[in-house]
Amino acid sequence: MIALAAMSLSGAAGALDSGNTGAKVVVKPLASATTTASGQPIVLPQKNVQVLVSTYEIPSGATLPVHKHPSARYAYVQGGTLQVTNVETGQSKTYQAGDFIVEMIDTWHRAVNLGADPVKLLVIDQVEEGTANTLLRK
């Protein structure tokens with residue numbers, strides 16, 4: 001397990017020997033980033049970091065309200081087509097199944113499901129313990 005984590009963190013691709021079975025564990029890096037979707041450097045909370053992992057299912061045609069994230073948020077698109085728009089610049093980016101999103105930090109944006117299928121996301125937040133990572137625009 002430690003070898004898997006070390007290889008995953010290093011970003012190396014390849015196969016690991018899984019022990020006496022002769023089978024190989026295949027590691028395929030999905031993403032590597034130092035900046036968010038809007039080009040900001042990724043900055044993590046400085047104390048009491050809490051990792052939150054959740055799934056989202058956004059129905060076809062749904063639009064999420066304008067919101068922002070004060071801390072780092074990552075999302076892996078498991079299904080569907082999601083368009084995210086920076087409401088301050090008007091710039092949009094579309095994500096599909098298999099894409100990895102490093103979300104904008106402290107930037108107002110909205111998202112809409114563009115497809116006929118639900119958007120399914122695996123979301124990972126890194127926040128200061130006990131704080132929320134989604135703020136809605138009033």
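Modeller: Let's start with D106, which sits in the loop between strand 8 (100-102) and strand 9 (109-113). Please keep in mind that this is a predicted model. The backbone at D106 is worth a look: phi is near 55°, a positive value in a residue other than glycine. D106 has a relative accessibility of 46%, so it counts as partly exposed, since that class runs between 20% and 50%.

Now go to T36, in the loop between strand 2 (24-27) and strand 3 (49-58). Here the relative accessible area is 5%, and T36 is therefore buried, as the cut-off for that class is under 20%. What does T36 touch, leaving aside its neighbours within four places in sequence? Its contacts are P41 and I42, together with V102, E103, M104 and I105.

Stay in the loop between strand 2 and strand 3, where you will also find N48. N48 is not a glycine either, yet its phi is positive, at about 45°. With a relative accessible area of 49%, N48 is partly exposed.

From there, move on to V49, which belongs to strand 3. V49 is partly exposed too, at 45% relative accessible area. Along with V51, V53 and L122, V49 makes a nonpolar surface patch of about 320 Å². Strand 3 supplies the largest share of that patch, with three residues.

Methods:
Residues numbered from 1 in each chain as written. Predicted model: local features only at pLDDT ≥ 70, side-chain atom pairs only at ≥ 80, totals over all residues. Heavy atoms only, no water. Helix = DSSP H or I, 4+ residues; strand = E, 2+ residues; numbered from the N terminus. Buried < 20%, exposed > 50% of the residue type's maximum accessible area, 1.4 Å probe, protein only. Contact = heavy atoms within 4.5 Å. Patch = residues over 30% accessible without salt bridge, like charges linked within 9 Å, V, L, I, M, F, W, Y side chains within 5 Å. Areas by Shrake-Rupley, 256 points an atom, 1.4 Å probe, with all protein chains shown as cover. Salt bridge = Lys/Arg side-chain N within 4 Å of Asp/Glu carboxyl O.
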